[in-house]
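Hello,

Here is the structure I promised to pass on. Please open it and keep it beside you while you read my notes below.

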Amino acid sequence: MRKTMRGAAAFATAAAAVLAMSGAAHAEPAADPWAGCPDGAVCVYPQNQNPAQSPSLVLYSYGPHNLRNQVGWHWVLNNQYGGATASLCTGYNGTGCGDRIAEGTGVYADLTPINSITLYRPWGRRP
């Protein structure tokens, strides 16, 4: 039941983020993965998988991650904690990055123009 409620909450939170074009409600880290995304990770889901269920790409390390063959609409969920953020970038190696995705939120985005995803350490922590 908890996973079902969490999945519904994840969908609602991510949908609100897309509509508002800004950060959605804050979520605290939990013992269970969110929509199959492990705690501490940023996850990309297969094209048009809605709602997000099983990630096709899981990112853990801070810094830029170049993408390959990611086109069309995908969920990108930030299941990091401690204030860590992520952003979608139009250039390779983390250049041309957009707004940051807060922890515990996600976006449904067209990844066709996106060439990298950058994971940022929490504010106040050294790189």
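Start with the open sheet, which has 4 strands in the order β3-β8-β5-β6, paired antiparallel. Keep in mind that this is a predicted model. Look at the edges of the sheet: β3 (63–66) and β6 (97–101) stand there. Each has a single partner strand, so one side of each is left without a neighbour in the sheet. From one strand to the next, the twist averages 25°.

Now zoom in on one pair. β5 and β6 run antiparallel to each other and pair over 3 bridges. Find C89, then look across to β6: the residue opposite is C97.

Next, the inside. In general, nonpolar side chains in soluble globular proteins tend to be buried together. The largest nonpolar core here has 14 residues. Those with the most contacts inside this core are V42, V76, L88, V107, L111 and I117. Which strands each supply at least two residues of this core? They are β1 (41–44), β5 (85–89), β7 (105–110) and β8 (116–120).

Last, the loops. Most residues other than glycine have a negative phi, and most peptide bonds are trans.

- The peptide bond from N50 to P51 is cis, with omega near 10°. P51 sits in the loop between β1 and β2 (57–59).
- N48 is found in the loop between β1 and β2 as well. N48 is not a glycine, but its phi is positive, near 60°.
- N69 is in the loop between β3 and β4 (73–79). N69 is not a glycine either, and its phi is positive at about 55°.

Is N69 buried or exposed? Its relative accessibility is 76%. The cut-off for exposed is over 50%, so N69 counts as exposed.

Best wishes

Conventions
Residues are numbered from 1 along each chain as its sequence is written. This is a predicted model: local features need pLDDT of at least 70, side-chain atom pairs count only at pLDDT 80 or more; totals for chains, interfaces and linings use all residues. Side-chain values use heavy atoms; hydrogens and water are left out. A nonpolar core is a set of buried Ala, Val, Leu, Ile, Met, Phe, Trp, Tyr and Cys residues joined through side-chain atoms within 4.5 Å. Buried means under 20% relative accessible area, exposed over 50%, partly exposed in between (1.4 Å probe, protein chains only). Two strands pair if DSSP finds at least two bridges between them. Axes are lines fitted to C-alpha atoms, for helices over the stretch in contact, and angles run from 0 to 180 degrees between N-to-C directions.
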